[in-house]
Amino acid sequence: GTFPDGFVRLNYDMIIVAGMAIDSIDRLGLLDSGERISPELWTKTLREIDYEGVSGRIIFDENGDRDQPLNLYYFNANNAAWERWAFWEEDSGLDIVKDVIWYSNSTEVPILDIRDPFDYWSCWDGEKRTDETGKKISLQTPDRSD
């Protein structure tokens, strides 16, 4: 076999940690009590978990964030595979390993905010206009008090 990729390892650990939290709540006798278990208790229980998972050590900070290094991937459609492009760590920040090659076969980030052009009435100029980009319009009042 092969070693599971990062997504599989993270999902496996997510299920184990959820199970650990459920077990902790059950040991308090709350699962069978019929009472609602507060979100605060679930949060407290999860934040107390310290577990060495298949994706690394799982421990949560005061905000509930997992403190661990992250590998960042993008999907390369040319070879139909996920490719690692960067690595992030709390102490050192972002380390770019390789450039992302976009569908345009370049490293230039494409414009993803695509909107249809539309016609509108300009209150200030009192005439019909067209916004080719679909993004340039700002709200205006007829008396120009804006």
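**Pocket, core and selected residues**

Student: Which element gives the largest share of the lining of the largest pocket?
Tutor: The largest share of that lining, four residues, comes from α1, where helices (H or I, at least four residues) and strands (E, at least two) are DSSP runs numbered from the N terminus. A pocket here is an open set of points on a 1 Å grid over the protein atoms alone, where a 1.4 Å probe fits and protein lies on both sides within 12 Å along at least five of seven lines, and lining residues have an atom within 4 Å of a point.

Student: Before we go on, what kind of model is this?
Tutor: This is a predicted model, in which local features need pLDDT of at least 70 and side-chain atom pairs count only at pLDDT 80 or more, while totals for chains, interfaces and linings use all residues. Residues are numbered from 1 along each chain as its sequence is written, and side-chain values use heavy atoms, with hydrogens and water left out.

Student: Back to the pocket, then: what volume does the largest one have?
Tutor: The volume of the largest pocket is about 300 Å³, taken as the space filled by probe spheres set on grid points that are joined across faces, edges and corners.

Student: And which elements each supply at least two residues of its lining?
Tutor: Helix α1 (6-27) does, and so do the strands β3 (70-76) and β4 (81-89). In total 13 residues line the pocket, and those nearest its centre are G6, R9, L10, N71 and Y73.

Student: What classes of residue make up that lining?
Tutor: Seven lining residues are nonpolar, four are polar and two are charged.

Student: Let's take N71; is it buried, exposed or in between?
Tutor: N71, which lies in strand β3, is partly exposed because its relative accessibility is 36%, and that class falls between buried (under 20% relative accessible area) and exposed (over 50%), with a 1.4 Å probe and protein chains only.

Student: What does the N71 side chain make a polar contact with?
Tutor: Its partner is the side chain of R84, at 2.6 Å; a polar contact is a pair of N or O atoms within 3.5 Å, one able to donate a hydrogen and the other to accept it. The C-alpha atoms of N71 and R84 are 6.6 Å apart, although 13 residues separate them in sequence. Neighbours within four places in sequence aside, N71 is in contact (heavy atoms within 4.5 Å) with R84, A86 and F87.

Student: New topic: which residues form the largest nonpolar core?
Tutor: Its five residues are V17, A21, I49, Y51 and I58, and such a core is a set of buried Ala, Val, Leu, Ile, Met, Phe, Trp, Tyr and Cys residues joined through side-chain atoms within 4.5 Å. For A21, leaving aside neighbours within four places in sequence, the contacts are with W42, T45, L46 and I49.

Student: How far is M14 from I58?
Tutor: M14 and I58 are 9.4 Å apart, C-alpha to C-alpha, and 44 residues apart in sequence. M14 belongs to helix α1 and is partly exposed, because its relative accessibility is 48%.

Student: What stands out about the phi of A80?
Tutor: Phi of A80 is near 50°, a positive value in a residue other than glycine. Most residues other than glycine have a negative phi. A80 sits in the loop between β3 and β4 and is exposed, because its relative accessible area is 57%.

Student: And D131, which strand is it in?
Tutor: D131 is found in strand β7 (residues 127-131) and counts as buried because its relative accessibility is 2%. Its side chain is joined to that of T133 by a polar contact of 2.9 Å, and, with neighbours within four places in sequence left aside, D131 is in contact with P117, F118, Y120, K136 and I137.

Student: Last one: where is E90?
Tutor: E90 is in the loop between β4 and β5 and is exposed because its relative accessibility is 54%, with its C-alpha 7.4 Å from that of D67, 23 residues away in sequence.

Conventions: Nonpolar A, V, L, I, M, F, W, Y, C, P; charged D, E, K, R; others polar.
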